[in-house]
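Here is a short report on one protein model. It moves from single residues to the whole fold.

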Amino acid sequence: AEVEVDDAATGAMLAQLHRGQYCGEMAQNANAPRNATVRATTPVELAVLGKRNFLDMMTLLPPTEESILSTVQSRALSRDQSG
């Protein structure tokens, strides 16, 4: 894994993410505080997309919006089932 996503409250590992994957979409989309901590386990390069750019991307690229919303739903269900 390149990064690990840990539950902010318990510290339990929720996921391992690899090249091309993203994180932070749940808090951005829900306009809520983050619920996880992401920690690099290997050297990584990353891009940071602020709230305004995130919302613009969702508006301008409907397929990306659909993909992100699907990821949000899948991760939320996974969290509910593990907790």
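Ala 15 counts as partly exposed, at 28% relative accessibility. The classes are these: buried means under 20% relative accessible area, exposed means over 50%, and partly exposed lies in between, with a 1.4 Å probe and protein chains only.

The model is predicted: local features need pLDDT of at least 70, side-chain atom pairs count only at pLDDT 80 or more, and totals for chains, interfaces and linings use all residues. Residues are numbered from 1 along each chain as its sequence is written, and side-chain values use heavy atoms, with hydrogens and water left out.

**Strand S2**

Ala 15 lies in strand S2, residues 13-17. Helices (H or I, at least four residues) and strands (E, at least two) are DSSP runs, numbered from the N terminus. Beyond its neighbours within four places in sequence, Ala 15 is in contact with Val 3, Glu 4 and Val 5. Contact means heavy atoms within 4.5 Å.

Leu 14 also lies in strand S2. Leu 14 is partly exposed, with a relative accessible area of 34%. Residues up to four places away in sequence aside, Leu 14 touches Val 5, Asp 6, Asp 7, Ala 36 and Arg 79.

**Overall fold**

The protein has 3 helices and 3 strands. Along the sequence they follow the pattern β-β-α-β-α-α. The C-alpha trace spans about 35 × 30 × 20 Å along its principal axes.

Among contacts with a separation of 6 or more, 57% join residues 24 or more positions apart. Of the 83 residues, 18% count as buried. The protein exposes about 6,100 Å², and carbon and sulfur atoms supply 53% of this area. Accessible areas come from the Shrake-Rupley method with a 1.4 Å probe; for residues, only the protein chains shown count as cover.

Which residues make up the largest nonpolar core? The 5 residues are Met 26, Phe 54, Met 58, Ile 68 and Val 72. Helix H2 (51-60) and helix H3 (62-82) each supply at least two residues of this core. A nonpolar core is a set of buried Ala, Val, Leu, Ile, Met, Phe, Trp, Tyr and Cys residues joined through side-chain atoms within 4.5 Å. In soluble globular proteins, nonpolar side chains tend to be buried together.

Met 26 touches Asn 35, Val 72, Arg 75 and Ala 76, not counting residues up to four places away in sequence.

Is Glu 25 buried or exposed? Glu 25 counts as buried, at 3% relative accessibility. Glu 25 lies in helix H1, residues 25-30. Leaving aside neighbours within four places in sequence, its contacts are Phe 54, Ile 68, Thr 71, Val 72 and Arg 75.

Ser 78 is found in helix H3. Ser 78 is partly exposed, with a relative accessible area of 43%. Ala 47 sits in the loop between strand S3 (36-40) and H2. Ala 47 counts as exposed, at 75% relative accessibility.

**C-alpha distances**

| Pair | Apart in sequence | C-alpha to C-alpha |
|---|---|---|
| Ala 15 and Glu 2 | 13 residues | 11 Å |
| Leu 14 and Ala 27 | 13 residues | 15 Å |
| Ser 78 and Gly 24 | 54 residues | 15 Å |
| Ala 47 and Val 72 | 25 residues | 19 Å |

**Charges**

The protein has 7 positive and 10 negative charges, and their mean positions are 4 Å apart. Lys and Arg count as positive and Asp and Glu as negative, while His and the chain ends are not counted. The place of a charge is NZ of Lys, CZ of Arg, CG of Asp or CD of Glu.
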